[in-house]
Amino acid sequence: MDVLVCVKRVPAVGAEILLTPDATAIDTRHLGFTLGPHEECAVEEAARLAARTGGSAGVLTVGGPETEEQLRYAVSMGADHAVRVDAPGADGDPEAVAAAITDALRALPPYDLVLFGAASADAGHAQVGVRVAHALRRPVVGGVKGIEPGDGSVSLRREAGDGVAVYEAPLPAVAAVLEGLNLPRYPTIKGRLRAKKVPVRVLDAAPPAGNLRTRRLRHRPEARAETVVLGRGAAAAPAVVDVLVDAGVVR
Amino acid sequence: MVLAVITRDGDGALSVASAELLAAARGLADELGDPVEAVAVGAAGDLPDDLAKRGVGRLHLLAHPLLDDPAPAVVGEALAQLVAARRPAAVLAADADADAAEAMAWAAAEVGAPLATACTAIRPGPRGRDEPWVVTRERSGGILLEDAELTAPVRFATLRPGGHSTGETAAAAEVTVEVLVPELDAAVPRARLVERGGRAAGTTLATAPVVVAGGRGVGSAEGYAVLEELAGLLGGVVGCSRVATNNGWRPHADQVGLTGTRISPDLYVACGISGATQHWVGCMGARAILAVNTDPEAPMVTRATWAVIGDVHEVLPAVVAEVRRRSGR
Ligand SMILES: Cc1cc2nc3c(=O)[nH]c(=O)nc-3n(C[C@H](O)[C@H](O)[C@H](O)COP(=O)(O)OP(=O)(O)OC[C@H]3O[C@@H](n4cnc5c(N)ncnc54)[C@H](O)[C@@H]3O)c2cc1C
Ligand SMILES: Nc1ncnc2c1ncn2[C@@H]1O[C@H](COP(=O)(O)O)[C@@H](O)[C@H]1O
């Protein structure tokens, strides 16, 4: 089974987030970058599926040359080839990014299963995977927490209400997955070496601009009082239980 | 017209998320001077009564053999056909309704329209349909808000929970039910449901009144025993940070945060958790937070209601003993 995972480079923000002066983006000058956990699980799953079925596990991102850092990280986790779609106009808009991925999938050799995260860690539009599936007229299931390859099909498990639902989709198919699908492995030294050398195939795309335009970002107003320090170590226990009684959780 | 995509809970009643959605749809429709209409999949059941009490005068039902237990995207196909036929000013669904939200993404793609997800506010321009609307949506799990322009003849948006009452409003005299049988080509490849199962009942992380969560500071899988004990005494459940999940100490179902569960318990006890943004967005809705941490400068400590500075494994056993002493258990 040939699997492709779409991943996005996102800033690894700390406890405080700074914005650019025009407030249209996160100020990333002092930040590292990473992959979202949903996408890490997708990469892990692709590597496992490829190993189980004797197939391949590719990774693809839409972004500038700097995003190859995340492609290489995915290769160090177990992906075996990498594609970067250079689409300067896409700029994070979900319609444009989906169009760029769709164009790339039409140009690349066919994949049986294309995996997405359920939502990107920064923008969280929760739609790029479904849009790509729509454009390619492929079956899609989101919120997936279990993947089982079948004969010409794939079974996709998701949580639904207070239960679980299992769908069967004919291949080629698309799934948007959630963290918890598996426990991703840490990159090995061998993986890191491979990642350094792996060639990144670059495709160009010029999707039309999307229709959701960021005007500005701002911090959510938070109304929190000063922290009351109840004490240090075990000696704080009576003061802790006093507030728990006041809060009504200890009777 | 403002179209609300509604769903039902297990026993066929309007879901809580949908009740809240209808209140938000009413607010937007009043601003536009438009009516609210609702759309659901399947038979009418008790929906017309529920909708009448909320002032919704028209219910569209999507009916087709392929819509018996459909994958959400298939509902999206049908929804797109209703939208094409009725041209609503806006189509709204609740973010919390995962199926409806997924159907929205498909329908928006089919209609060729943008979709704004995780919205907390929608403000139509003064000239209604003919100019961009401004939406406010959550980013990075809700720690940031984004004001964005949504330009399209039909505005698709999903709404975050909170801020709207789920109660009944002005009643509609009667509810007109219209059935749409969408054209769905059976030859198109689609996902189909093959199995549905229940999950073990019991208090869940999402709904527990008290959550006692542990992070790297707990140190090991065994270290959670004392958290389990305290959670049991307080009528709560155990949660964790992503470090605990990644270390294999706890299952992912326990993870609080951006890519885990977002919770709003009465009390959140954060033990050995630093309070990274991606964790914080999962627990910032808690009514009160007690942080137990060796580091007085940890963000979780400085944002908590109460804090104890110290080692989890010294503080928690003492708290457990004190709770037992006072409650005679
Ligand atoms: C895109 C993305 C999504 C993410 N999603 C999530 C998510 O959903 N949930 C989540 O939790 N994280 C998430 N993370 C990870 C997050 O950034 C942090 O790495 C993680 O929350 C840190 O976990 P922690 O607080 O347990 O560990 P640390 O940050 O290492 O903090 C440990 C804390 O324990 C204290 N401590 C140490 N020893 C003791 C002791 N003996 N007694 C008391 N205190 C002690 C330390 O002072 C410190 O404050 C995400 C990250 C990214 C990039
Ligand atoms: N720039 C990008 N390049 C590749 N894949 C992306 C990009 N942006 C989003 N995706 C994929 O689409 C998923 C959903 O993103 P979103 O719709 O932005 O929440 C992500 O988890 C990724 O798998």
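User: Is B:His64 buried or exposed?
Analyst: B:His64 counts as buried, because its relative accessibility is 17%. Buried means under 20% relative accessible area, exposed over 50%, and partly exposed in between, with a 1.4 Å probe and protein chains only. This is a predicted model, in which local features need pLDDT of at least 70, side-chain atom pairs count only at pLDDT 80 or more, and totals for chains, interfaces and linings use all residues. Residues are numbered from 1 along each chain as its sequence is written, chains are lettered from A and ligands numbered from 1 in the order in which they are written, and side-chain values use heavy atoms, with hydrogens and water left out.

User: Where does B:His64 sit in chain B?
Analyst: B:His64 is in the loop between strand S3 (58-62) and helix H3 (72-86) of chain B. Helices (H or I, at least four residues) and strands (E, at least two) are DSSP runs numbered from the N terminus.

User: And what is B:His64 in contact with?
Analyst: Setting aside neighbours within four places in sequence, B:Val181, B:Pro182 and B:Leu184. Contact means heavy atoms within 4.5 Å.

User: What about B:Asp69, where is that?
Analyst: B:Asp69 also belongs to the loop between S3 and H3 of chain B. Its phi is near 55°, a positive value in a residue other than glycine. B:Asp69 counts as partly exposed because its relative accessibility is 42%.

User: Which residue in chain A has a positive phi?
Analyst: A:Ala23 has one, near 60°, and A:Ala23 is not glycine. A:Ala23 lies in the loop between S2 and strand S3 (33-34) of chain A. At 17% relative accessibility, A:Ala23 counts as buried.

User: Which peptide bond is cis?
Analyst: The bond from A:Leu171 to A:Pro172 is cis, with omega near 0°. A:Pro172 falls in the loop between strand S9 (163-170) and strand S10 (173-177) of chain A.

User: Back to B. What does the side chain of B:Asp254 make a polar contact with?
Analyst: The partner is the side chain of B:Arg250, at 2.9 Å. A polar contact is a pair of N or O atoms within 3.5 Å; within protein, one must be able to donate a hydrogen and the other to accept it, and residues adjacent in sequence count only if both atoms are side-chain atoms. B:Asp254 sits in the loop between H6 and strand S13 (267-271) of chain B and counts as buried at 12% relative accessibility. Beyond four places in sequence, B:Asp254 is in contact with B:Leu205, B:Val238, B:Gly239 and B:Cys240.

User: How many cavities does the structure hold?
Analyst: Three of 30 Å³ or more. On a 1 Å grid over the protein atoms alone, a cavity is a set of points where a 1.4 Å probe fits but cannot get out, while a pocket is an open set with protein on both sides within 12 Å along at least five of seven lines; lining residues have an atom within 4 Å of a point. Points are joined across faces, edges and corners, and a volume is the space filled by probe spheres set on them.

User: What lines the largest cavity?
Analyst: 13 residues, of which A:Arg138, B:Glu77, B:Trp106, B:Pro189 and B:Arg190 lie nearest the centre. The volume is about 100 Å³. H3 of chain B gives the most to this lining, three residues. By class there are nine nonpolar, no polar and four charged residues. Here Ala, Val, Leu, Ile, Met, Phe, Trp, Tyr, Cys and Pro count as nonpolar, Asp, Glu, Lys and Arg as charged, and the others, Gly among them, as polar.

User: How does the lining of the second largest cavity divide?
Analyst: Eleven nonpolar, no polar and no charged. This cavity holds about 60 Å³, and H9 of chain B gives the most to the lining, with three residues. Residues from both chains are involved, including A:Val240, A:Leu244, B:Leu230 and B:Val319.

User: And the second largest pocket, how many residues line it?
Analyst: 40, with B:Arg242, B:Val243, B:Asn246, B:Ala276 and B:Gln278 nearest the centre. The pocket has a volume of about 930 Å³, and its lining has 18 nonpolar, 17 polar and five charged residues.
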